[in-house]
Amino acid sequence: MSSWGSGLLDGLRVTWRNLTRRSVTAQYPDAMPVLPPRSRGVIALIEENCTVCMLCARECPAWCIYIDSHKEVVPPVEEGARERSRNVLDQFDIDFSLCMYCSICIEACPFDALHWSPEFEYAEYDIRDLTHDKDRLRDWMWTVPVPPALDPAAEEPKEVVAARKAADVKDTAPPGQEPKA
Amino acid sequence: MTEQRIVGLGAGATGFRSYERGGGDELATEDMVLNIGPQHPATHGVLRLKLTLDGERIVACEPIVGYMHRGVEKLFEVRDYRQIIVLANRHDWLSAFSSELGVVLAVERMLGMEVPVRATWSRTLLAELNRVLNHLMFLGSYPLEIGAITPIFYAFRERETIQQVMEELSGGRMHYMFNRVGGLKEDLPAGWLDRAGAAVAAVRRRLPEIRQIILGNEIFKARTQDVGQLSPELVQAYGVSGPIARASGVDFDLRRDEPYLAYDELAADGVLRVVTRDEGDCYARFSVLFDQVQVSLDLADACIEQLRSLPAGPINQRLPKILKAPEGATYCWTENPLGMNGYYLVSRGEKTPWRLKLRSASFNNIAVLPEVLGGCVVADMVAILGSMFFVVGDIDK
């Protein structure tokens, strides 16, 4: 076989060509990766939005959300109205050692209290520290990016539709009778 | 007195030339049992092979599976159809999207649900990108297993290119969790189709490098050609499917033979070609994988083109708060990158399935190993094992 070795040489040619190219290695701790906004890094919580409805904890397939709350009585807003009771969040923990990063809790939340953040640097030496409490989850909120714009052929996000509807109602209502926000 | 044992290259060495044999035919031999795995660098994952050796020859091979059994079918029964997707994309972690797809297709069929056309084409696109990712993994790892370390760097560079667009779309790099009953979780981000097209083009441009570096390599050919031949009869007897079956000349591909998603249109357009080989050896299996990547890239391009021209519309269906599949049963199979992946869904009208049986490709593909390995030499074991392209999670479920 006269051509024996030509395949080897072909391969070497590829490596030689690649030798002259820029390397694609990510220099991670020195250069941070640019992650897309939908990236599932860590779950952030807006405590103010949470009504302790427990949907996230119930829907979670790994049962890694721990919620505790108590009821508080709010004095009536107007004279003669009755007192209201309100849920106050005491504990909201997510155990990231159990979390499967499926984003069901975020979808399940009816009040947009949970969000994904692409932040990923929260490795710990102790597994117990992977359980983030509500303050730590609240802090992640600062890293939550704006959701990406959608494809032109996509339906409008429901938030945009709802906002436009509200604005239209406001515009068409006679002065002095704007609906309360 | 201890009994003197002579274990050497004896009867097992027949067929070798003298310099390979070390000993002679006349030497007495004794069978030896050799465990490969469950933790062994030559097997990916925790597959254990119990080999009985006569000298260098493998007399018998018994794959012992189940080290990674997670009881996924039982877990399915206590989860609703959204939670099942979380588990479904984990049994075969290299074909997460395709595995999710089977579940939602089964539920949609039970519900008689029409999926928006944009969702169908996006799913087809993502399933093909997932196939490329899966095949690139094996195009890199198989040469690595038999000693060629360079291709995996190129394969991973290509994987990264595609993973980036997948991550931008779904937020995940392996477990996409992007299918929902009735469509996809979210719509495509603006400009994503351009970036996906660019990624496909970049992979297509650099793919010949993988061919040049490994497919023509004489050492690689010597290790794989005429090694581990799998006959079409064995393929049918054991229910082997996917690229491995097609490398043995079994021309069967669910994308063409029982089309789901948009594959019937793609097959009619001639974009979907089914790659087959007749040799049935390790080299054929590897080259089927390589050609399938190119077909998948063509399919991805066709899907991107189609998605651009589709009118604006939704990408998913509004679902009720509690989704219940009506009473009944259905079997939904899809052509996963590694072979046929089937879900047999039995529902009694609850929000969880009564039974969801999973037929995974790797289990059947690995079941044929004893037939292929019997009579081979130990040195070929790794070459054959690697060419069966399996994921241990897919075997053990």
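Ala, Val, Leu, Ile, Met, Phe, Trp, Tyr, Cys and Pro are counted here as nonpolar, Asp, Glu, Lys and Arg as charged, and the others, Gly among them, as polar. The model is a predicted one, in which local features need pLDDT of at least 70 and side-chain atom pairs count only at pLDDT 80 or more, while totals for chains, interfaces and linings use all residues. Residues are numbered from 1 along each chain as its sequence is written, chains are lettered from A in the order in which they are written, and side-chain values use heavy atoms, with hydrogens and water left out.

**The interface**

Select chain A and chain B together, and look at the contact (heavy atoms within 4.5 Å), which takes 38 residues from chain A and 41 residues from chain B. The two chains bury about 3,200 Å² between them, 51% of it on carbon and sulfur atoms, where buried area is the accessible area (1.4 Å probe) lost on putting the two parts together, summed over both. Next pick B:Arg82, B:Gln212 and B:Glu218, which supply 18% of the area that chain B buries against chain A, more than any other three residues.

**The second largest pocket**

Now centre the view on A:Ala26, B:Glu160, B:Gln164, B:Glu167 and B:Arg173, which lie nearest the centre of the second largest pocket among its 39 lining residues. On a 1 Å grid over the protein atoms alone, a pocket is an open set of points with protein on both sides within 12 Å along at least five of seven lines, a cavity is a set where a 1.4 Å probe fits but cannot get out, and lining residues have an atom within 4 Å of a point. The space in this pocket is about 1,200 Å³, and its lining divides into 17 nonpolar, eleven polar and eleven charged residues. H6(B) gives the most to that lining, with ten residues.

**Helices H6 and H7 of chain B**

Select H6(B) and H7(B), whose axes (lines fitted to C-alpha atoms, for helices over the stretch in contact, with angles from 0 to 180 degrees between N-to-C directions) lie 9 Å apart at an angle of about 170°. H6(B) is therefore roughly antiparallel to H7(B), a term used for angles over 145 degrees. The contact includes B:Tyr154, B:Ile162 and B:Leu169 of H6(B) and B:Trp192, B:Val203 and B:Ile213 of H7(B), and its residues divide into 14 nonpolar, one polar and six charged.

The largest cavity has a volume of about 110 Å³, and, of the 16 residues that line it, A:Cys50, A:Cys53, A:Cys56, A:Cys109 and A:Ala113 are the closest to its centre. Its lining holds 14 nonpolar, two polar and no charged residues. For the second largest cavity, with about 90 Å³ of space, select A:Cys60, A:Cys64, A:Cys99, A:Cys102 and A:Cys105, the closest to its centre of the 14 residues that line it. That lining has 13 nonpolar, one polar and no charged residues.

Definitions and conventions
Points joined across faces, edges and corners; volume = space filled by probe spheres on them. Helix = DSSP H or I, 4+ residues; strand = E, 2+ residues; numbered from the N terminus. Parallel < 35°, antiparallel > 145°, perpendicular 65-115°, else oblique.
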